[in-house]
Structures are given as structure tokens and as C-alpha cells.
Amino acid sequence: MTTSPAPVNADAPPVLRLEARLAAKYRGRIAATHSAPACSAQWRDFPTDFPPQLAQALHERGMERLYSHQRAAWDLARAGRHLVVATPTASGKTLCYNLPVLESVLTRGRKALYLFPTKALAQDQVAELMELSRALSAAGGAGIKAFTFDGDTPGDARKAVRTRGDIVVSNPDMLHQAILPHHTKWAQFFEGLAYVVVDELHSYRGVFGSHVANVFRRLKRICRFYGVEPTFIFASATIANPAELAERLCGEPVEAIQESGAPQGARHLLLWNPPVINPDLGIRASARSQTTRIARMAAKVGLKAIVFARSRLMVEVITKYLKDVFDHDPRRPARVLAYRGGYLPSERRRGEQAMRAGKVNLVVATSALELGVDIGALDVAILNGYPGTVAATMQRLGRAGRRLRPSLGVLVATSDPLDQFLVRHPEMLFGASPEHARIHPDQLLILLEHVRCAAFELPFRDGDAFGGEDLGEMLGYLRDEGVLQHQGDRWYWVADSYPANAVSLRSVAEGNFVVIDTTEGAQTIIAEVDYSSAPGTIYAGAIYMVQSQPYQVERLDWTGRKAFVTRTRADYYTDAIDYTRLKILDRFEGAVLGRGVAANGEVHLVRRYPGYKKIRYYSHDNIGYGNIDLPDQEMHTTSVWWQAEPSALEAALPDRQQAIEGFLGAAYALHHVAALRSMAELHDLGRAVGDGQGTWFAVVGGDGRGQMRGPGNDAMDPAEQDRFEPTLFLYDNYPGGVGLSAPLFDAAGQLVGDARDLVVGCSCAAGCPACVGPVLPGDEERALTPRQAALAVLELLLCREG
Amino acid sequence: MAEQLGAEPIAPGVLLIERRLGARLRHGRVLLKPEVAEGARVPPSLIELAWREPSPDSAPSRLLFLDTETSGLAGGTGTWAFLTGILIGAPDTLILRQYLLTSLDAESAYLDAVGGELSAPATLVSYNGRAFDAPLLTTRFRLCGQPDPLGQLWHLDLLAPVRRAFGRVWPDCRLMSAESKLLGFAREDDLPGSAAPAAWLGWIQRGEMAALGGVLRHNRWDLLSLAGLIPVLGEAFEDPGCHGADTHAVARHHWAQGRLGQALSLLEADSSRLTDTGLMDLADLYRRQDRWADCCAIWQRLASQGSQDALSALAKYHEHKRHDLPLALEYAEALAPSAEREHRCQRLRRKLQG
């Protein structure tokens, strides 16, 4: 896979010169390179049924023909077929849906609903439509009216949007909470509805996607009520199964267009592995240090670069390091900008404008920028760590090189097993088989919430269907709960409530936290933090960063959902410690595997944040601990788990302390291969080791050794326990589960095999972050290394054929 | 059930309670006569605040007082308007009709009956009905696939004039507050409107009808108060003092409608109690009638208390009207530092030198 770079002369494009410099200076760190040559455009003529003013308006913008995929989309849409366009970033996907929609508005007076996953994207789209509308008016035709409809739309403007909008641009949350429950106010709009456009399809995965599939079931019911059957047009970044995902979302067959006719500049990709700095422990230099170095080199030769980090914290840390280099003079405009979720919309808009205006050299972002927010052209994309999926990797890399210029992508591997696995198997990435995006719309909790909302919107009739489960049974349940009444052949809503307000599409938890700056007596809201990340980020004592300005959390008002912070000059950041306890509630199925069993079922999970570490900048020394005093976070979810036969375990690992460490190491390896195989992101799955009854659980303690802890987090001695049945859990990290554990159970044997291969194939001596997790100095001299202990556990659980 | 509620079943699941109120019904301190439902008697100020689609120019026709009780306050298509009360005039009497939905599958027949009452030409009179009752009924008609009769009617929502005349002087503008302050009507043993959803759902879900009588009575009182408020609100717009209305706000309404003389005489009569902005408005009205002496008297009084608007008005008056530049400069210099002050002073100094 590795090829030596072609010699580059002085007048080559700066991107190629940067690549050549990196290759010359750091040859040993480049694990693999890949390049995709530039490709030329595939053109098609305007269709014969193209409205003349549309052709004229496109002509004004310098367009005489369409790309092949735009023409294909037109032909399918005009034939009334649902379709999904899954072509690379910046291939002109927007026109694929705008053209048929404009035709229906201009020639037939029909209407369209556009849905984007975020408000920012919706506003971008309306700006684009306004421009097209002006071109249409200039071409002598009528313009079109496109309005955003979101939480910011003022009350007195809403009626105009409902009655006068040709195209209403909104998001699934508004459709769910404001439009469908008030559909009669939108009667005129629904009666004319011809198209439903869903962009950023790939973001409708997991819990969110499962909710949205149900919102679409509700939408289609309402459309039937008004006698329309709109055509769905989806647009997606590259994923393996765009048509399947679209079909799951809209419940009908969908045609896929995956061949892009747009031209593309040459793309170069480097897979970068930081150098090993401690061969005994298998410790590599941090990805962060490599990422900032590459970003600095890019900025110094005048290239515009984007750095993607995997966490908000890492965005702030990298931003600080880059600002220390480039923005030390406060009188000059900032050249480095952080962009992540949690900033206030106004701050993000300012950032987007600065990026588009080309004022910023370096953007440091989380996945918040993965979506199609327009930030203008960039030359280099640097990924600090593998984002977890091939699709997300391609989407982030696609941020560079929007204007046919050559572009460079650098994926900097961390010491995570997944990253190290990829470095050793670059074909996983370059072979371009991106993941399947999965949703589980019939997950019972989610489905029931939407049956409730749908029953509010229109009474169900006997014999109706909604989703894949037995609707009658669910309606009966809601009747017993007192919200429905069955009369004649109908199920009527009879409760004094508005059910959509109680259902959030984004999570199952309630209420964002606001971060309030109280420096010098002020009361300014500076950020929002979602419920699930609050306990780990804004506990009292935490350092919370906004644009790399550190704030210290003085007080967290848990019930009021507020964190009060003051500006600080602390030279450290904080990292929360959490641990998780699980109790098995119900076992759905089980299977004997080797000398153990694997099972799948429902668990009760308690997560606690006992404290946090203070970590100094640059040295990354741990300089202290603090306590966190917060209520436990609890949820019910599904999990797959493994247990070894007690006698076999005792024979293999007589020392129970070693058995615990073996299970922790095996869990570490299994977690990573499971994430890879289930095509989930690492945080979609959780891992834990305990006894399954909630009586004890195991953690890696402050001394780096596995420890057995009781329910109150008190240390326990494994040798003193009567029963010793360690259980390894991989759980679905969403309340109720989103269907991740059942496929893991089906592949349980294979997963153990993969995990064993990962550990056996690792080049470290005693264990390392790339296989069983970090180990301690001197571990390689122990009689049984952590790596051997983990292998012993995996061998027990391994199903051997014959 | 019909018997207990004094009702007549008009279709399966739909009850009608009808009362003829006679020629002289006392409601609090007011007498409700049948004429109260005549469109021609609606005071002009109220008409000006009414919603007049789709025929903005025609005169208000017969009045149709409307009030609904609902299964919830959140709105949306899952909220039922289970009771629709209507009060209309007939020769020699007022007729109060209440349509009650007692079975969920009878809504179509229920709306047929309600729709029959809402025939044009008529002017709906409600309290907060523009935002609540009317859209909810429209929703129910659409859900049942029936044409929506409400779009064809005038709608006079009395919340608007009450807010205009009393919004700044009362702690709240609920109908209960208005009827007690303006009509002297106190409800005894009222079932609060917020208890209506539970009362009806108790019947639908468990067959309990004990609380329904209370809902009907609450709805009747709402309708009678609506009728009683029309003449009293008319008085409040003619003579705000007599009902403790906000003279300044009422005068502004007349002014906006082009009745400057009426606005002026209201403000003048109440000048001792006006706020500074009220006095500035009064001065402005004097100015428009060239009553400069009255006008300056107000400005000077306010200027002596430091009013910037008054100082600025005096500076303009002396500069442009009296051409007394030194005096104009004196007033301008008394202004607090601002861009306007600088601009004005500079211009006056230039003129004085030139």
C-alpha cells in the first residue's frame, strides 16, 4: 500500500510541497499513503421537460448542463420514485433535490418540506434558495418563497410560513413537536405537499434515526389524511447502505444514486503513526503532539487546515496549543478557531462567517462540523484519531479540497486499539467499504412514544398498522394508562397533555444545562451542555473551556440545570473518572462458548462519577484529584455478556486478582473489536466487568491495577468472596438499547476470536494501549503479564471447532 | 343524563341545553337586555379593535357570543372542544345554547349542530377566542372533514379592548377580573376553567358526571359576562375615568383612529394624573392645534424636572418657531451629553455666529 511520493518541484501546488516535506522529514511515521487521482466531470444535458425559467436561472449562474447524478435524480423524482443521492462532499447534491422541487413549485404550485438535522444547515439552505429565487425572478418568472421554521421563528411570522411558504425548511424536532401535533394549521401546506427532502441522511443513525423513522411514519399518516403521497428525496454522505437506511426511514422502496458526475481534485491521504517513545510499554508519542505539529507546518506555508478531534475537551486543548503559537498577539484577529457543539448559536454563526471569509487559518472542530455547514474551501484536513467509522472519516477528509485543487488528508493514529488496528490494516480504510448506518425504529420504548404522539394527532382505527410491532397491543396499553379510549372502531386521545413535548428525538434524557459566567458579578450564558455529558464535564471544580478560555465551575445546580462558572487562569484541565455497575435483570438467550457462556438480555446500569483528575498542560502530569458529588445516573438497557465456568477459570487463573485483570484486559480488547464489527462508534457501546448481581464490579484503580469494588465503591478482596463469577459486559449505551446487543450476541464467538487475534498479533511485550489497555512499568517482568492474563480469559471463552 | 343536566338529546352523544333569559336579566350590576346582541349597538372603539376578515368594510351584523370548554389547555389536534356555549339575541329575549359532546364518536354530529349556529352573517364575540377557541374549533372541523364556518365570521375578541384600557392598571386581564371590576359580578361556588378538562374526562373515562353541571354553569357565566362587558367597555373608551381605565392608553386609541379632539379632551380632563409620557402626548396634541402656550406650559414643567424630551422640544420650538436662538441654545445646552445635544448645540452656535 505504501508508495514513495513522486518528486515535487518548487512550483508544485503548496499542498503537494507540504506532503513532500512531511514525507521527507517523517518517513518512519507515515504508515501508509493513498491517493485518488483527479477525475473529470460527467455531463448530461438539461432534460426536455425542464421549465424554461429554471434553465434560464441556471444559465445566469453559468450552468449549461447537469452532472450525471443530478440528471439521474431529476429523472427518478419526476417519475415519482423515492430516491437517495449518496455522492461525495461538494458534488452538487443540493441541486439534485432543488431542481425537481422548483419544477413542482413553478409549474404546479406544489409545496416541499426540507429537513436538516440542525438549524444552522437549514439557514444555509434558505440562503441558497433565496439566491435561486432571485435568479428565477430575474429570468422573468415568479420567485419562490422559502422560509425556515424552527424554534427561533417568531410567533407572528409562523402563520405566513404555514400559508405562504412554497418550501418550508425545518428540522425533525420541529416536525415532531410543532408541525405534526398542529397539522390542521398546516392543512393548506399538507394538501399541496409534493416532496419531502431529507439531507444529511447519514446523520440519522442510532437513537436519533430510530426516532426520526417514527416521525416519518407519523408524517405519512398525516399526508394520507390530506390525500397526498409526497416523494422522499434523501441526500447522504458516503455510507455503505444509503438505500437501506432511507428505506428504513421512510418505510418504502428507495432508489440509490451513488455514482458522482462531479469533477474532483486529486486527494492525498497519509496514515500517520506517532513514533514509539517507550518500546517496553509500547507507548507512542501522543497523537495530539503530532496533530499540532502538522497543523503548524500547514499554517506556516499559508495553507488553510481543519483539525478534527474526537472530544470537545481535545478540541479545546489543541486550540489552546495552536493559539499559543499563532494568536499570542491579542490585537490581531484570531487565526485559530475552535468549533464544537455546546457553543451558543450566535458564536457558531460568527465562527462560520469568519471561516467563509477566509480569515481563519486553522479550525479545530468536533463532529459538529462533520455535517454540511458551509465554511468555504480548505486545503488540509487533519484527523486527531480515527473518528470510529469509515463514513465519518471520509466525511471529515472531504472537508479539504472543495474547489478542484489537490488536497491532503492526514489521519493521525492514537494509541487506541482501533487506530493501531487500522494502521496495520490500511485496506480497511482505503478499500472503501464504509459502514452500514443502522436504526431500530421498532425499539419498543421509542415506538410506543411515537404511537402515543400519533394517536394524539389522529385517532387510530382498528386494523391500522404503525411500525413492525402489534399496534393493537400498544393501543391497549395506552388505554390502560388512561390516555386513549376505544369507541366504535377508533382509538381516541382523551388526556389533558401534549405528548410530543415529553419526547426528545436526540436522547431519552431530559433538559440541557446552561453554563453561566458569573465573573465580576455578570450573569452571561456562555454555553450549553446536554444532559448526558453534564455529569462528566460541568461538576463543581471542573475546568470548562470555551474557545480555550478556561472557566472553573463554582457550583452545579443539578435540578435547575445550571452551572455557574468564573474565568480562571488555571494551568491545568480536568478529566472526570467514572465507573459503572450492572445488574442482570432478564436473560433473553444464551449459548455455551468454549468453557464459558455468552448471553444477551436486559440490564440495569448505574454510573457514578466519584471524582476527577487535574492534569497540567504540556507535561500532562496528574497534579491532583477532586471529589464529585452528583446523583448516580441510572438506565435500563440491553447488553451481551460473557462468563467463564468457575472451575475452568480457577484452573486457568488461580489467582483471583489476576483473573480480574485478565477480564479487564479482555473487555478492553473485546470492546474495540465489537465496535468495529457492529459498525458502531466506540461510545455507543459501554464495557464493564462485574459479577452480574451488582454486588461487585472491577475497575482499574489509581495504582494502575485492577480492583474489586463493592456497591459503595469500597475496596473488596477477591480472595475472600464465596462466589467468584466475573462477568464481562458490552452494553448498548442508550436507555432502552437501540438494538446493538442482539447482533453482538449472534457474533459472540467471532468477536472473541477477533479479540484474541488482536492481542496475539500485538507487537508489545506485556500489554499496551493497542491491545489490552495501558500497563505499568515492570509488568513485563511479572510471571503472568496483563496480556497473558487477558489471553487466558479469551481462550476460555473461545469456541473451538471440532 | 340529559334529565339531570336539564338537556335535550339532539343526536346520539350530543346534548343541547337551551335557556331563554327573558327581557331583563340582572348580571352583577348590569341589566342584560336582548338589544345587547345587536351589532349596530357595538361601540365604535370595540369595532375598531375587532378582527374583520374576510369583509373589513361591512358593518357588524348580529352578535354571537361564543365560549368553549376544552379537554386541555396545551392545544394541538388531541384537544377536544367538548362544550360550545352560544348566546344570541331574539325578539324580547336572549337565548343561551350549550352543546355538550358526551360520546367521542359523536363529534361529527356535535360539530354539525355547532356549525349550524355559526352561520354568516354574524360577529363572534369571545374572550381570548382569537388565540384559543376559534383555532381549536377550526381544528375540530378540519379533523372531521367538515367545512370551517369560522373563517366567514367577524370576530370581536374582548380581551383586546380590555388589555388596551386596563392592561397597565390591573394586575391581570382575566375575564373573572374584568367581570368583578366592571360588572360587579362575583361568582359563587364556581368551578374554575382549569378544572373543566378533568370534569369532562372524568365523564368520558369513568362515567362520572358530578362535575359536569359546574362546567355548564361556568360556561354560562362566561357568556353572560361577555354580553355584559360590551356596553361597559364602550363607556370605558368614552369616559375612562368612570371605570378606572388607563386614560392615556384610551386617548392613544382615539388618536390612532384620527379622533384627535377626543384624545385631547380626555387627556386634558385627566392631566393632573398623567405620567410624563402622557403629558408629552397632551403637549403634542396641543402643538398640532397650534395651542403653543398650553404646549409650552407642559414642556416647561417637565423640563424643570429634567425631562430630556421636553428640553429637546423646547429647543426646537425656540429655534424653529420663535427664532429665539439664544434661548434655544440655553435649552439645548441643558440636555444631557449625547450626540443629539452636540449636533443641536453646534448648529445653533453656527447660526448665532453667522
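**Note on the predicted two-chain model**

1. In chain A, among contacts between residues at least 6 apart in sequence, 71% join residues at least 24 apart; two residues are in contact if their C-beta atoms, placed from the backbone, lie within 7 Å. The model is predicted: local features need pLDDT of at least 70, side-chain atom pairs count only at pLDDT 80 or more, and totals for chains, interfaces and linings use all residues. Residues are numbered from 1 along each chain as its sequence is written, while chains are lettered from A and ligands numbered from 1 in the order in which they are written.

2. Chain A has a radius of gyration of 28 Å, which agrees with the value near 28 Å for a compact globule of 802 residues. That radius is taken over C-alpha atoms, and the globule rule is 2.2 Å times the number of residues to the power 0.38. The C-alpha atoms of chain A fill a box of roughly 85 × 80 × 70 Å along the principal axes. Of the 802 residues in chain A, 50% are buried. A residue is buried if 20 or more other C-beta atoms, placed from the backbone, lie within 10 Å of its own, exposed if 12 or fewer, and partly exposed in between.

3. Chain A contains 24 helices and 35 strands; helices (H or I, at least four residues) and strands (E, at least two) are DSSP runs, numbered from the N terminus. A UniProt annotation from an unreviewed entry, "domain: Helicase ATP-binding", covers residues 74-257 of chain A; such annotations may be inferred rather than shown by experiment. That span, residues 74-257 of chain A, is 51% helix and 17% strand, and its end C-alpha atoms lie 11 Å apart.

4. Among the domains of chain A are domain 4 (513-570) and domain 5 (576-796), with bounds from an automatic or database domain assignment. Their centres, taken over C-alpha atoms, are separated by 32 Å. The contact takes six residues from domain 4 of chain A and nine residues from domain 5 of chain A.

5. Two residues of chain A that are not glycines deserve a check of their backbone. A:Glu520 has a positive phi of about 50 degrees and lies in the loop between strand E22 (513-517) and strand E23 (524-529); with 7 C-beta neighbours inside 10 Å, A:Glu520 counts as exposed. A:Arg561 has a positive phi of about 55 degrees and lies in the loop between strand E25 (549-557) and strand E26 (562-567); A:Arg561 counts as partly exposed, with 16 such neighbours.

6. Between the chains, 16 residues of chain B are in contact with 19 residues of chain A. On the chain B side, helix H4 (133-143) and helix H7 (196-206) each supply at least two residues.

7. In chain B, B:Pro60 is placed in the loop between helix H2 (44-48) and strand E5 (63-70). B:Pro60 is buried, with 20 other C-beta atoms within 10 Å. Beyond its neighbours within four places in sequence, its contacts include B:Val42, B:Thr123 and B:Trp154. A cis peptide bond, with omega about -5 degrees, joins B:Ala120 and B:Pro121.

8. In helix H10 (residues 260-269) of chain B, B:Ala263, B:Leu264, B:Leu266 and B:Leu267 are buried. The buried residues of H10(B) fall within an arc of 165 degrees seen down the axis, so they line one face of the helix; the arc is that of the directions from the helix axis to the C-beta atoms. Their cover includes helix H9 (247-256) and helix H11 (276-288) of chain B.
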